[in-house]
Amino acid sequence: MVKSLRGMNDILSEDYERFTYFINTATDVAQKYGFHFIETPLLEETALFKRSVGESSDIVGKEMYQFTDKGENDVCLRPEGTAGVVRAFIQKKLDKAGGVHRFFYHGSMFRYERPQKGRLRQFHQFGVESFGVDSVYEDATMIMMTSDILKRCGIGYRLQLNSLGDQNCMPDYKANLVKFVTECKDGICEDCVRRLDTNPIRVLDCKNDKCQTLYEGAPKLLNSLCDGCESDFTKLKKILTDNGIAYEIDTNLVRGLDYYSKTAFEFVSDNIGSQSAIAGGGRYDRLVEFLDGRPTPAVGFAMGIERLMELIVMPESKREGYYIGAMDEEAIDLVVRLTQEKRGSQKVICEFKAKNLKNHLKGADKINAKFCCVIGTNEIKDGTIWVKDLESKSEKVILLKDF
Ligand code: HAM
């Protein structure tokens, strides 16, 4: 039997209901915040991700579904959504047009990670990207929007917050960090030795306990911010507090993608196991210019839909629509015709096999129909249909012309 690939799941039935419920809710919130839908290709040139997510990141370094296509192009399945949206933004010359542009998207992302609970190789994100707003109020708005989506889905969270500085303060911080880590280089893990050369700040979120102990005295990002970053971060915290959003400061939160500056945040859940990040994002003011666009401030976030599906509190499902069935073979053509007449304005499910009443009632109940409607030889003779309201349990016989 051919099975799906490791870390790639089918979504159907009850899962699909959760999936669509989440997307519909998040879409509604995004639209209320003034965001517009954008769809970008699943396949992009590999160079796009190398230049945005960063060659030193695990995502690009180890996890890409990368191949050469029939035209000898080096391509890969997108591991995340931001890079494609930024490429589209530049390609459509919106960077040159100026103004504010806000997008949301949802779709599959691909990372060749080691699969485990909550960690897939094909997973789905709902994301938003905002271009052209150089204000920390927009960062706060992103966070409040994520919080609104989670609240609407009945999902509790902890919000972790950090500032990654900018080109004024980050280089000095990096140099100090490298100096500190180099002094304890003999005790650190292989990954951190590599990070020291490629992307030193990633040592801060190393999962190795020994490394973390060694880094306890390392210089702290938040103590190294320049005045501009510092005052933005202070303002961000105030806006969140003013708007009732609780947060924890995590000065080691560096995110796994290289394009961030200033605000970085993650929403985590304590109810889904070790893969606890349910959303993440931040500001990326340099990315548009890194991809050859006109410098444009930007900020965004993405949420992991599979992780959220475990946490969503679904609204009680309501009975809806009609189930129509025949009790005798000769009534089947008639129930099919009635079904077609009713469809369009109503959800109608037709049973093509003649069955007794008990089995039709079971069938109607199984699909959560509001009405079970049945026709047999007697009803054909009288020109009627038997209808039971499965909510109120009342039943009646109606003339077909009144049905
Ligand atoms: P990210 O933190 O890499 O950020 O991913 C966002 C979310 O996707 C994570 O918080 C997690 O819920 C989910 N996720 C990531 N990897 C997996 C996986 N292997 N299996 C299941 N779920 C996963 C980004 O992708 C950025 N593009 C977010 C962003 C948008 N920043 C600015 N704009």
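## Salt bridges, domains and a covered ligand

The count comes to 25 salt bridges, a salt bridge being a side-chain nitrogen of Lys or Arg within 4 Å of a carboxyl oxygen of Asp or Glu. They belong to a predicted model, in which local features need pLDDT of at least 70, side-chain atom pairs count only at pLDDT 80 or more, and totals for chains, interfaces and linings use all residues. Residues are numbered from 1 along each chain as its sequence is written, and side-chain values use heavy atoms, with hydrogens and water left out.

Start with the overall layout. Domain 1 takes in 13-169 + 225-311, and domain 2 covers 322-399. These bounds come from an automatic or database domain assignment. Between the C-alpha centres of domain 1 and domain 2 there are 49 Å.

L5 sits in the segment before α1 (13-32). Helices here are DSSP runs of H or I with at least four residues, strands are runs of E with at least two, and both are numbered from the N terminus. L5 has a relative accessible area of 59%, so this residue is exposed. The scale is simple: buried means under 20% relative accessible area, exposed over 50%, and partly exposed in between (1.4 Å probe, protein chains only). L5 and A26 are 21 residues apart along the chain, and their C-alpha atoms are separated by 28 Å.

Now the charged pairs. Side chains of opposite charge can pair when their charged atoms come close. E14 and R18 form a salt bridge at 3.3 Å, N to O. The two are 4 residues apart in helix α1, so about one helical turn separates E14 from R18. E14 is partly exposed at 45% relative accessible area, whereas R18 counts as buried at 17%.

D28 pairs with R152, their closest N and O atoms being 3.0 Å apart. D28 is partly exposed, with a relative accessible area of 24%. R152 is also partly exposed, at 41%. K32 joins D28 and R152 in a network of salt bridges.

Another pair is R202 with D205, whose side chains meet at 3.4 Å, N to O. Both of these residues are buried.

Turn to the ligand. There are 25 residues around the ligand, and E80, T82, E113, E129 and Y260 come nearest. To be near, a residue needs one of its heavy atoms within 4 Å. By class, this shell has 11 nonpolar, 7 polar and 7 charged residues. Here Ala, Val, Leu, Ile, Met, Phe, Trp, Tyr, Cys and Pro count as nonpolar, Asp, Glu, Lys and Arg as charged, and the others, Gly among them, as polar.

A polar side-chain atom of Y260 lies 2.5 Å from a ligand nitrogen. For E129, a polar side-chain atom lies 2.8 Å from a ligand nitrogen. F301 uses its backbone instead, with an N or O atom 3.3 Å from a nitrogen of the ligand. On its own the ligand has 660 Å² of accessible area, and the protein covers 96% of that. Such areas come from the Shrake-Rupley method with a 1.4 Å probe. The elements giving two or more residues to the shell are β6 (122-131), β10 (277-283) and β11 (298-304). β10 gives the most, with 5 residues.

Notes:
Polar contact = N/O pair within 3.5 Å; in protein donor to acceptor, adjacent residues only side chain to side chain.
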